[in-house]
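Have the model open in a viewer with selection by residue number. The stops below follow one after another.

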Amino acid sequence: MPHDPTERRVPTDRRVVVTGPPRRTRPLSRSRPRTEIDEQTTLGHTYVRSLMRSQLRAALTVFAVLILLVGPLPLVFTVLGDSSSLEWTVLGFCVYPPLVLLAAWYVRRADRNEKDFVRLVEDR
């Protein structure tokens, strides 16, 4: 069939194949906690505040146990009288070991809080 020149042609869709690298890259749609912290956004502030709360909770726990352990000692020493050997014995053998254990617990807890925070920031 011959082509009629008076007939209008309908344009067909043409497809273009792009073989080069993209000129623009899109930013990642999900936000990373480290970026949120660096840019000091509200979410980043929440992450840091969470770490600070967990550290404060551990410190207040240690402080409360310390007050309960050492706080009554002046009253006990006053009631027992002037016995410096008893005071040094109580301070050296009854108070010092729990203080060392309390300090070790606090350091382990603080390290665990920081590791959990790093794990939260690095892996999401």
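A salt bridge here is a side-chain nitrogen of Lys or Arg within 4 Å of a carboxyl oxygen of Asp or Glu. This is a predicted model, so local features need pLDDT of at least 70, side-chain atom pairs count only at pLDDT 80 or more, and totals for chains, interfaces and linings use all residues. Residues are numbered from 1 along each chain as its sequence is written, and side-chain values use heavy atoms, with hydrogens and water left out.

**Stop 1: the salt bridge.** Select Asp116 and Arg119. They form a salt bridge in which the closest N and O atoms are 3.1 Å apart. A search of the whole structure finds 1 salt bridge. Side chains of opposite charge can pair when their charged atoms come close. Both residues sit in helix α4, 3 residues apart, about one turn of the helix. Helices are DSSP runs of H or I with at least four residues, strands are E runs of at least two, and both are numbered from the N terminus. Asp116 has a relative accessibility of 36% and counts as partly exposed; buried means under 20% relative accessible area, exposed over 50%, and partly exposed in between (1.4 Å probe, protein chains only).

**Stop 2: helix α2.** Select residues 42-70. This helix has 29 residues and reaches 41 Å from first to last C-alpha, close to the 42 Å expected at 1.5 Å a residue; the expected span is 1.5 Å times one less than the number of residues. Which residues of α2 are buried? They are Gly44, Tyr47, Leu51, Ser54, Gln55, Ala58 and Val62. Their cover includes α1 (33-38) and α4 (84-122).

**Stop 3: Gln55.** Stay in α2, where Gln55 is found. Gln55 counts as buried because its relative accessibility is 16%. Leaving out residues up to four places away in sequence, Gln55 touches Tyr106, Arg109, Ala110, Asn113 and Glu114, where contact means heavy atoms within 4.5 Å.

**Stop 4: Ala103 and Val62.** Move to Ala103 in helix α4. Its relative accessible area is 41%, so Ala103 is partly exposed. The C-alpha atom of Ala103 is 7.9 Å from that of Val62, although the two residues are 41 apart along the chain.

**Stop 5: the annotated spans.** An unreviewed UniProt entry lists residues 58-80 and 86-107 under "transmembrane region". UniProt positions are given in the numbering used here, feature names are shortened, and annotations may be inferred rather than shown by experiment. Select 58-80: the span is 91% helix and 0% strand, with its end C-alpha atoms 34 Å apart. Then select 86-107, which is 100% helix and 0% strand, with 31 Å between the end C-alpha atoms.
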